[in-house]
Amino acid sequence: GEYWKPPGVFEEVRGEDGEVVSASVNRAVEVLTVAADAAEDDDLMMAVVLMHRAVASPTTLLAKLVSKFHSSGRDTQFGGDESLDDDGESVVMRHKVCSVILVWLRDFYRDFAHPQMASTLKAFLGMGGGGDDFASIAGGAGHASPATAAKGWTSLILVKDVMRRVLEDRLALLEVQRKYIHDGPVQGSRSSPSARVFRPGHHFSESQSAPTFDASFADDARPETKARRAFHLLQFASSDVARQLTLIESKLFFAVPYAELIACSRLLASSDASSFAPGLEQRMPASSALGRLVATSKRLSGWVASAVVSEPDAKARVALIAFFLSVADHCHQLHNFATMMSVWGGLTSKPVRMLTKSNFAALQSASTVTLFAHLSQICSKDQDLSALRAATQAQQDVPCLPFLEPFLADLTRVHKECGPDTTPQGLLNLPKARRLASSLKRITRHQHWRYSFPPLLPVEEYLSDLLVLDFAQLLARAEACE
């Protein structure tokens, strides 16, 4: 049904230690809100909020939680404590229902972009302008009259106020994110969620005069693009290029829904590929937001390699190697690990490594050697990218663009080790749900904070039309260079 009801005996399976290992949504709601134990299982709340969609829609789970809130504390068949009076038992149960919804708003709030989800929760919290309109939420459930519904909040007025403020914050944040993805960075006041932004300085702005073209780099080996290039790449500040690339990839990252992360990792788990990374973009649905993000990362790597090996001037090639090392370093400073890895991948690709003279000349500079050593350490794929994982996890409450490969590998590993999302009886696989929720949160928490430096038109235009050669062409040009 659409609403909570006391679960039956066939709605759960317990392990040898007595712990519930699979359950229906009804039973999961019961486990999370049992009044006999005041302790709250945050991991299980995340797991149910994330993985309930394997057996029920988000609107169904929310309706069940609201319905449970308005039920009597003694309606439970499991875990009831007869030593508690009705009011005490009900208060504990209702407080736990609120905790589940707050976890939902905290970690997986994008579900509330759906108008029905937002309106249901608003009505539950009495934000529709006329008190707690529970009848519009569960009109067929018959669990509560308006008077009884209002009474349910008597001991939870402060909790209700917190939930209202969190919901308002999340709905505002969703609107800001929507504009960020489709319209570009959004500026906001200190009092709004859009004030949670990162505003570093920049070297080149649209209000400043464009850099003068350097004739020493005018000999462009790409006649097909020469007429469309107002500037050579080396005329831009590496920090400006890093910021613009960050805006490009961050918009793609913000567009990735967590349901797609689960679905794509499940698809990867079913693949016969023996290694995770090679051909990753080919195993992603091209139409998916995640597929577009992975393809863009690969394209950036190809562009870096193409820009270096296509440069006919030897001094300019050396300068480009140093330039891209600086771009990668600026990305690291911006906590943009995705673009940093893409640029590093291009610099360490076989065609660029073939340019032994250019690489040797570039590393004659002490600052360039220092950058190279630092990036070699942070970008090392030894020990399952442990250095990069640690650097990503260290970022709290600041904009961060994670390199998704190790996190997708974690999700894929869960799918392979924990079996299907549901049992043959249609019950949620709770141990798997716990692991998926924990792994997924490491990714989605970085979608709460976004960059807000202005787009730079000359850099933006340059990066909108990148030349990317195929691997055979890269090898041929590298051989021709040296």
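Visitor: How are helix 2 and helix 20 oriented to each other?
Guide: Roughly perpendicular. This is a predicted model. Helix 2 covers residues 42-51 and helix 20 covers residues 430-444. They pack at an angle of about 90 degrees. An angle of 65 to 115 degrees counts as roughly perpendicular, hence the label.

Visitor: And how far apart are their axes?
Guide: The axes of helix 2 and helix 20 are 8 Å apart.

Visitor: Which residues of helix 2 and helix 20 make the contact?
Guide: From helix 2, Asp 43, Leu 44, Met 46, Ala 47, Val 48, Leu 50 and Met 51. From helix 20, Leu 430, Ala 433, Arg 434, Leu 436, Ala 437, Leu 440 and Lys 441.

Visitor: How many bridges link strand 1 and strand 2?
Guide: There are 3 bridges, and strand 2 spans residues 20-23. Arg 14 sits opposite Val 20 of strand 2.

Visitor: What about strand 2 and strand 4?
Guide: Strand 2 and strand 4 pair antiparallel over 2 bridges. Ala 23 has Leu 428 of strand 4 as its bridge partner.

Visitor: Next, helix 12. Is it enclosed or open, and why?
Guide: Helix 12 is largely enclosed by the rest of the structure, because 16 of its 21 residues are buried.

Visitor: What end-to-end span should helix 12 have?
Guide: Helix 12 (residues 289-309) should span 30 Å at 1.5 Å a residue. Its end C-alpha atoms are 31 Å apart, which agrees.

Visitor: Last one: His 332. Buried or exposed?
Guide: His 332 counts as buried, at 19% relative accessibility. The cut-off for buried is under 20%. His 332 belongs to helix 13 (residues 314-333).

Visitor: What does His 332 touch?
Guide: Leaving out residues up to four places away in sequence, His 332 touches Phe 337, Met 340, His 374 and Ile 378.

Visitor: And how far is Ala 391 from His 332?
Guide: Their C-alpha atoms are separated by 9.5 Å. Along the chain, Ala 391 and His 332 are 59 residues apart.

Conventions
Residues numbered from 1 in each chain as written. Predicted model: local features only at pLDDT ≥ 70, side-chain atom pairs only at ≥ 80, totals over all residues. Heavy atoms only, no water. Helix = DSSP H or I, 4+ residues; strand = E, 2+ residues; numbered from the N terminus. Buried < 20%, exposed > 50% of the residue type's maximum accessible area, 1.4 Å probe, protein only. Contact = heavy atoms within 4.5 Å. Pairing = 2+ DSSP bridges. Axes fitted to C-alpha atoms, helices over the stretch in contact; angles between N-to-C directions. Parallel < 35°, antiparallel > 145°, perpendicular 65-115°, else oblique. Expected span 1.5 Å × (residues − 1).
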